[in-house]
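Work through the exercises below with the sequence and the model open. Each task is followed by a solution in steps.

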Amino acid sequence: MSPRFTSLPHLALTTSVEHVRAAALRAWTEALATGDARRAIAILWKLHHDDVFRYCRRMVGNGPEAADVTQKVFVHAIKGLHHLRSVDHPGKWLIGIAR
């Protein structure tokens, strides 16, 4: 008898996370379009600070220095935000700043 898969909760979780990320990306794009820099940066921080920190930690080798670099990445992002119209992948944009 083959196993029956009546539910796949991990797929539901992935879908939920993807929907939340998609909604946040729409909110970020809207914040950019309306010139709401504070909201745009807050959204970026919530969505991507962990990823940027992990990248920086791999590059510099320790947590405290990675936290400093992460903060500098977001300061640079804030300064460059007025030049943006839209970025499809803001996480990749932030990692590009970190490089």
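Contact means that heavy atoms lie within 4.5 Å. Helices (H or I, at least four residues) and strands (E, at least two) are DSSP runs, numbered from the N terminus. The model is predicted, so local features need pLDDT of at least 70 and side-chain atom pairs count only at pLDDT 80 or more, while totals for chains, interfaces and linings use all residues. Residues are numbered from 1 along each chain as its sequence is written, and side-chain values use heavy atoms, with hydrogens and water left out.

**Exercise 1. Describe the chain as a whole.**

Step 1. List the elements: the protein chain has four helices and zero strands, in the order α-α-α-α from the N terminus on.

Step 2. Look at burial, where buried means under 20% relative accessible area, exposed over 50% and partly exposed in between (1.4 Å probe, protein chains only). Of the 99 residues in the protein chain, 28% are buried.

Step 3. Look at contacts between residues at least 6 apart in sequence: 53% of them join residues at least 24 apart.

**Exercise 2. Determine how α2 and α3 pack, and which residues meet.**

Step 1. Take the axes, which are lines fitted to C-alpha atoms, for helices over the stretch in contact; angles run from 0 to 180 degrees between N-to-C directions. The axes of α2 and helix α3 (residues 63-80) cross at roughly 135° and come within 8 Å.

Step 2. Classify the angle. Under 35 degrees counts as roughly parallel, over 145 as roughly antiparallel, 65 to 115 as roughly perpendicular and the rest as oblique. α2 is therefore oblique to α3.

Step 3. List the residues that meet. From α2, they include Trp 45, His 48, His 49, Val 52, Phe 53 and Cys 56; from α3, they include Ala 66, Thr 70, Val 73 and Phe 74.

Step 4. Sort them by class: Ala, Val, Leu, Ile, Met, Phe, Trp, Tyr, Cys and Pro count as nonpolar, Asp, Glu, Lys and Arg as charged, and the others, Gly among them, as polar. The contact of α2 with α3 has 14 nonpolar, four polar and two charged residues.

Step 5. Thr 70 lies in helix α3 and counts as buried because its relative accessibility is 4%. Leaving out residues up to four places away in sequence, Thr 70 touches Trp 45, His 49, Val 52, Phe 53 and Cys 56.

**Exercise 3. Repeat the analysis for α2 and α4.**

Step 1. Helix α2 (residues 37-60) and helix α4 (residues 90-98) have axes 10 Å apart and pack at an angle of about 40°. The two helices are therefore oblique to each other.

Step 2. Residues of α2 that meet α4 include Leu 44, Asp 51 and Tyr 55; their partners in α4 include Trp 93 and Ala 98. By class, this contact has nine nonpolar, two polar and one charged residues.

**Exercise 4. Is His 48 buried or exposed, and what does His 48 touch?**

Step 1. His 48 lies in helix α2 and is buried because its relative accessible area is 10%.

Step 2. Not counting residues up to four places away in sequence, His 48 touches Arg 21, Phe 74, Pro 90, Gly 91 and Leu 94.

**Exercise 5. Characterise Val 52.**

Step 1. Val 52 is found in helix α2; at 1% relative accessibility, Val 52 counts as buried.

Step 2. With residues up to four places away in sequence set aside, Val 52 touches Thr 70, Val 73, Phe 74, Leu 94 and Ile 95.

Step 3. Val 52 and Ile 95 are 43 residues apart along the chain, and their C-alpha atoms are separated by 6.1 Å.
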